[in-house]
Amino acid sequence: QGDFPFIFTELAAYMPERPPRAYEPWAKIRSAMRQLSLDIPNVGVASALDLADTNDFKEIHPPNKLTVADRLARWALATEYGRAGLAKTGPRFTRAEPAGGRLRCYFTDVAGGLVAKGSSDGSVGCVYVAGANDVYMPAQAKIDGDTLLVWSPEVKRPIHVLYAWALNPDGANLYNSEGLPAATFHW
């Protein structure tokens, strides 16, 4: 068939909220799905992280199919049909660097900038950091330009970060200016 595009939807939030675990299988699958879209040419993924009905534990698929379809269509329009200026995905984490007792997280696909949906001061939820001991603690996170600064008073030298690393990452509110959510990430 040739080198044709392939677009898919990541796993949505599922089940009741619980604290993240470093080896959360659902988050690891989401992260692997996202990595496929980076490693394989012409592969795209649309986030459904924020679309699930987490009160209905029998139905894993997001009830809001129109938003899922819009996110899939955006990728196709931006990459295959040359629609300039259209964000194809939400913010994609690229790396983290130490920044004076904090970590600074960098992203691509921020469109007009990062947004902390529902926050008046740029605070981002569902973020955890760990030091060399790999013990993850809840972190504070704030948008700083097109980056995210994360820290915890309980972790003096953070070197690892988790975002939305849970079955149901309630409080995950990092988006780009076009309303597309950031995907689960770890460093």
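What you have on screen is a predicted model, where local features need pLDDT of at least 70, side-chain atom pairs count only at pLDDT 80 or more, and totals for chains, interfaces and linings use all residues. Residues are numbered from 1 along each chain as its sequence is written, and side-chain values use heavy atoms, with hydrogens and water left out.

Stop 1: Look for an open sheet of 4 strands in the order 7-6-10-12, with antiparallel pairing. Strand 7 (137-138) and strand 12 (185-186) are at the edges with a single partner strand each, so one side of each has no neighbour in the sheet. Now select strand 10 (residues 160-163): strand 10 pairs with strand 12 in the antiparallel sense, over 2 bridges. Show Leu162 and you'll find His186 of strand 12 opposite.

**Stop 2: helix 1.** Select residues 25-39, which make up helix 1.

Next, colour Trp26, Ala27, Arg30, Ser31, Met33, Arg34 and Ser37, which are buried (buried means under 20% relative accessible area, exposed over 50%, partly exposed in between, with a 1.4 Å probe and protein chains only). They cover an arc of only 155° around the axis, so they sit on the same side of helix 1 (the arc is that of the directions from the helix axis to the C-beta atoms). An α-helix has 3.6 residues a turn, so residues three or four places apart point the same way. Among what covers these buried residues are strand 1 (6-9) and strand 12.

**Stop 3: Ser31.** Zoom in on Ser31, buried at 15% relative accessibility. Leaving out residues up to four places away in sequence, Ser31 touches Trp165 and His186 (contact means heavy atoms within 4.5 Å). The side chains of Ser31 and His186 are joined by a polar contact of 3.5 Å (a pair of N or O atoms within 3.5 Å; within protein, one must be able to donate a hydrogen and the other to accept it, and residues adjacent in sequence count only if both atoms are side-chain atoms).

**Stop 4: Asn133.** Finish in the loop between strand 6 (127-130) and strand 7, where Asn133 is found. Asn133 is exposed, at 55% relative accessibility.

Key
Pairing = 2+ DSSP bridges.
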